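Student: I have not looked at this structure before. Could we go through it in short questions and answers?

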Amino acid sequence: MKKNAANARPVAPSGVAGLDDILIGGFTRNRLFLIEGVPGAGKTTLALQFLMAGARLGETVLYVTLSETEEELRSVAVSHDWSLEGITTRELSPSEAELEPDEQNTMFHPSEVELAATTARVLNDVDRLKPSRVVFDSLSELRLLAGSALRYRRQILALKQFLANRQCTVLLLDDMTATDHDLQMRSIAHGVVLLEQIHPEYGSQRRRLSVIKYRGVHFRGGYHDYAIQKGGIEVFPRLVAAEHRQASRRGRLASDVVALDKLLGGGIEEGTSTLLVGAAGTGKSTLAATFVAAAAKRGQKSAMFLFDESPQTLLTRCEELNIGLSAFVDSDVVTLQQIDPAELTPGEFIHGIRQAVAAGARIIVIDSLNGYLNAMPEERFLTIQLHELLMYLGHRGVATILIGAHQGLIGSQMHTPVDASYLADAVVLLRYFEMRGEVRQALSVVKKRAGNHERTIREFRLESDGIYVGEALREFRGILTGVPVHEGGDPKLS
């Protein structure tokens with residue numbers, strides 16, 4: 001029997017690590033819990049994982065099904081490569097014999113006979129097996145058998161008392177198919193977990209859960225994304241940055257490009273976030289890769305999450321610029337993960353970042369915020385989640401590089417669909433400008449909270465031997481407008 005150190009309550013692990021994190025250890029033992037969700041939300045999968053977790057602990061477990069056959073349950077298990085060994089199933093769905101005319105009852109209302117018979121069989125099984133975990137699938141069948149709301153509530157209350165006296169932890173599954181769905185069961189249950197499905201206009205369906213109620217437990221509130229994969233349900237608890245505060249040193253991470261590090265006051269700081277913002281093609285991703293490659297040479301791990309381009313494209317470009325990222329990817333010092341916004345939920349994305357940090361990553365690159373925005377169901381959620389993520393990474397002493405793409409190329413018409421400049425600790429601006437019949441690039445640091453930095457504007461180029469950062473463009477005015485004016489002297493443009 002597992003106990004949570006915070007409140008010394010005996011808990012039954014759910015079999016889903018993320019859900020146990022949300023429930024602060026799992027389900028309180030000898031209590032009755034309600035799992036609500038529309039068909040397809042994963043209630044049966046969750047129930048089986050709950051029972052398998054008990055079976056692994058040597059407990060006796062019982063699955064009572066009133067809507068699915070035992071064969072259907074086994075097919076669910078096979079789809080996840082599970083074995084139901086150790087799980088006793090009791091199938092109480094109507095048999096073929098009940099369809100025969102001779103079996104039809106004409107003297108009593110069906111509910112008076114069927115509910116009593118069903119309940120008696122369940123109670124007999126519990127007394128005989130003495131299980132510590134029981135699942136009822138589903139309540140909609142009991143509701144129909146009861147015939148009336150009063151009889152249904154009384155039956156559930158009696159069942160709850162009976163099972164509690166026999167030291168059973170119970171999950172009641174409700175598919176929410178009743179047209180007059182009420183809150184009766186929520187008031188009876190010790191805890192309520194709601195499973196939801198969201199169908200966006202584009203992309204695959206998304207699932208999230210919330211704990212509606214949990215008596216006596218300070219659970220993690222809010223919505224938590226989850227996915228049903230081969231092997232069962234995986235839950236991604238909502239990130240709470242305040243839970244990860246820890247003292248950490250704040251060293252500098254240099255790019256090994258002398259002029260760039262001078263511009264940044266020595267490099268980027270651990271535990272801070274740096275936003276690289278500019279038009280498409282100005283070199284933002286390459287600049288981020290330069291910091292990653294320099295860290296890898298020092299033996300520091302990094303993780304890059306790519307929304308906008310494939311890892312192979314990035315690696316090919318880095319090889320052409322002599323940055324040499326491929327060798328570090330092959331040795332697992334640097335990990336590249338391509339993100340498909342249509343398939344990956346925001347919670348799953350943040351979970352991937354947390355796994356990278358747990359594996360020792362000192363630099364996290366998100367390329368780009370525009371792709372991150374597209375992964376969100378609604379734009380207003382982006383800033384809140386991004387703020388929480390940056391706070392978490394800061395507490396862990398990880399340097400974060402964010403890439404934001406401007407729409408437009410030069411001039412005052414440039415804008416960004418998401419402004420994260422106020423969240424970032426440092427902002428590096430890359431701009432195109434026109435000079436001598438050429439389109440050139442300029443680089444400047446417009447914000448840096450941690451330490452001093454140069455306020456000059458320098459030319460920035462991508463060359464065959466890496467990136468080039470030139471001297472300050474002091475002879476020009478209007479570089480950031482895209483059409484500078486030469487104010488005399490020898491232009492220091494190569």
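Student: Among contacts between residues at least 6 apart in sequence, what share joins residues at least 24 apart?

Tutor: This is a predicted model, and the value is computed from its atoms. Contacts between residues at least 6 apart in sequence are the set to consider. Within that set, the share joining residues at least 24 apart is 68%.

Student: What percentage of the chain's residues is buried?

Tutor: Buried here means under 20% relative accessible area. The chain has 494 residues, and the buried part of them is 54%.

Student: Why is strand S8 described as largely enclosed by the rest of the structure?

Tutor: Strand S8 covers residues 169–174. Thr-169, Leu-171 and Leu-173 point one way, while Val-170, Leu-172 and Asp-174 point the other way, and all are buried. S8 is largely enclosed because its buried residues number 6 of the 6.

Student: Which residue of S8 is the bridge partner of Ile-35?

Tutor: Strand S4, residues 32–37, runs parallel to S8 and is joined to it by 5 bridges. Within S8, the partner of Ile-35 is Leu-173.

Student: Which residue stands opposite Leu-172 of S8?

Tutor: Strand S7, residues 133–137, is also parallel to S8, with 5 bridges between the two. Opposite Leu-172 stands Phe-136.

Student: How many residues of helix H2 are buried?

Tutor: Helix H2 spans residues 43–56 and has 14 residues. From first C-alpha to last it reaches 20 Å, close to the 20 Å expected at 1.5 Å a residue. Its buried residues include Lys-43, Gln-49 and Phe-50. H2 is mostly covered, and the buried count out of 14 is 12.

Student: Which residue with a positive phi follows H2?

Tutor: The helix ends at residue 56. The phi in question is near 85°, and the residue is Gly-58.

How values were computed. Residues are numbered from 1 along each chain as its sequence is written. This is a predicted model: local features need pLDDT of at least 70, side-chain atom pairs count only at pLDDT 80 or more; totals for chains, interfaces and linings use all residues. Side-chain values use heavy atoms; hydrogens and water are left out. Buried means under 20% relative accessible area, exposed over 50%, partly exposed in between (1.4 Å probe, protein chains only). Helices (H or I, at least four residues) and strands (E, at least two) are DSSP runs, numbered from the N terminus. Two strands pair if DSSP finds at least two bridges between them. The expected span of a helix is 1.5 Å times one less than its number of residues. Contact means heavy atoms within 4.5 Å.
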